[in-house]
Amino acid sequence: MDKKIVVLGAGISGLTISYLLSKKGFDVTVLEKKDDAGGSIETFFEDGFLFDRGPNSGLETHPLIKQMADELGLTDEMVYAGREAVKRYILRDNKLHPLPMNPFSLYKTKLFSSKAKLRLLCEPLIGKSQEGYYQSVGQFVQRRLGKEFLDYAIDPFVAGVYAGNPEELSVKSAFPKLYELEEKYGGLIIGTIKSIKERKNRAEKSKQSARMFSFKSGMQIFPKTIAAHLGEKVLFAAEVTSIENTEPGYRIKYIHNNDRNSIDCDIVISALPAYAAADLVKDLDIKTAEHLLNIFYPPVLVLYLGYEKSAVGRALDGFGFLIPSKEKKSFLGAIWSSVIFPNRCPDDKTAFTLFIGGSRNPAISASDRNDTINKTLKEFGEIMKINGEPVFQSSKFWSKAIPQYNIGYIEHEKAFEEFEKNFPGIFLAGNYRGGISLGDCIKTSNDLVNKISEQLKS
Ligand SMILES: Cc1cc2nc3c(=O)[nH]c(=O)nc-3n(C[C@H](O)[C@H](O)[C@H](O)COP(=O)(O)OP(=O)(O)OC[C@H]3O[C@@H](n4cnc5c(N)ncnc54)[C@H](O)[C@@H]3O)c2cc1C
């Protein structure tokens, strides 16, 4: 407990780690470059609209999420998505088709051809691949479930979760549970049935069965409240510039309000994006810095739109829709934000969040922003049968949005483990390890805190 710990970054990973360490009685300081908490989690209020610029919601996959919200006094703030949010649409031939959620709707759906449905039934008969770790999500899904299922279910799903490309993402690293179903049980259908019991024993929920949560005043209240709880332990506007090895500990140098400062510690936990951590470790180990820099973060342009409810011609009865690459549209999909959670806009209006770019189209960085937005507005208007202009419009360009667990990621992970062995007391954390979802970030942070306290005990 007498160890001094410095955590770098006040995104959800850094804050969860700091909160849990602080609960265990450790002396923690958090250094954050920006002057606000949350990292990718940003909420804004404007003209009666509430939008989340980054994550709109999380899935309650781990009991710690609710536990932390309760401990922080956010019980009444937490909201869960209504039943209608379960319904998701996929665009095919310019029409929105509900994604089938059970065998009967799968049988009835026009999203997949009869041939594709029959192909799904062959899944239990498909053997394991010899490719092992180095398989893309695309290869894996096409082999087990067929090409059409890849194109019209997995490709849009991967765009919705990672803003990613199934041909580039590694199935083992990006969807480890899916990969495990084949490795452990020999198939996806049989594996899903058998793994339900094991998950129950771990008190975890699958992403399919976990409840979707947010907060009445948007997602950012969660990290902001953790930071407020940590109080003076969090130093904002403190940009970390280097980590020096002072054996047995480390010296962290940072700039705070234009002043150069440093802090000595026994343990340093980086919860920065991989490219930011690369800058700090390059003088300690250039190879690790290269691995960190090789993790690709594609750009994503997010559009926040408000319309008069009466202007929208189609029923708003779901979470939103995703667009397969094959449909060749300018954007990846749209969330019907005001349908999912309350208080997102005035009663007579409706709010949407649209995603553009990602690994599917990283060229958006260089393309004309207004042109891209105008094309997207036109296509979105046609799909949603909108008659009229947006009454609210805003956007955010994330130049490096979400880390991609692409093929070869396994080599990065090995390098990070090696680095932590060679530099005892430095830990690399954040959403480029253990999963990008908020639930994964919280679980991985908890695992790391348990690992550190175990190490210190022994
Ligand atoms: C547009 C978008 C939509 C998303 N939607 C969802 C969703 O709906 N559901 C979901 O579960 N997940 C979603 N995600 C993913 C999820 O939001 C992130 O994976 C998660 O918030 C990452 O948290 P983190 O703490 O690991 O990293 P970050 O949030 O990136 O935090 C890193 C922190 O480090 C700070 N920092 C950087 N450099 C320095 C430095 N030199 N010194 C000090 N501080 C520094 C940054 O300012 C930042 O605060 C989305 C992400 C994006 C970008």
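**Domains, a ligand shell and a helix crossing**

The chain is assigned domain 1 (4-37 + 220-295 + 405-457), domain 2 (42-99 + 211-218 + 298-401) and domain 3 (112-201), with bounds that come from an automatic or database domain assignment. The model is predicted: local features need pLDDT of at least 70, side-chain atom pairs count only at pLDDT 80 or more, and totals for chains, interfaces and linings use all residues. Residue numbers start from 1 along each chain as its sequence is written.

We can begin with domains 2 and 3. Their centres, taken over C-alpha atoms, are separated by 26 Å. Contact between them involves 17 residues of domain 2 and eleven residues of domain 3, where contact requires C-beta atoms, placed from the backbone, to lie within 7 Å. On the domain 2 side, β7 (88-92) and β18 (349-357) are the elements that give two or more residues; helices (H or I, at least four residues) and strands (E, at least two) are DSSP runs, numbered from the N terminus.

The ligand comes next. It is surrounded by 36 residues, and the closest are Gly-9, Gly-11, Ser-13, Gly-39 and Pro-55; a residue is near the ligand if its C-beta atom, placed from the backbone, lies within 6 Å of it. Two or more residues of this shell come from each of α1 (12-23), β11 (238-245), β15 (300-308) and α16 (438-457), and α1 gives the most, with three. Because domain 1 and domain 2 both give residues to the shell, the ligand lies between them.

Five strands form an open sheet in the order β10-β2-β1-β14-β20, with parallel pairing; strands pair if DSSP finds at least two bridges between them. Strands β10 (234-235) and β20 (426-428) stand at the edges with a single partner strand each, so one side of each has no neighbour in the sheet. Strand β2 (residues 27-31) runs parallel to β10 and is joined to it by two bridges, and Leu-31 has Leu-235 of β10 as its bridge partner.

Finally, two helices cross. The axes of α12 (residues 286-293) and α15 (residues 409-422) come within 10 Å and cross at roughly 145 degrees; axes are lines fitted to C-alpha atoms over the stretch in contact, and angles run from 0 to 180 degrees between N-to-C directions. Helix α12 contributes Lys-287, Thr-288 and His-291 to the contact, while α15 contributes His-412, Ala-415, Phe-416 and Phe-419.

Definitions and conventions:
Contact = placed C-beta atoms within 7 Å.
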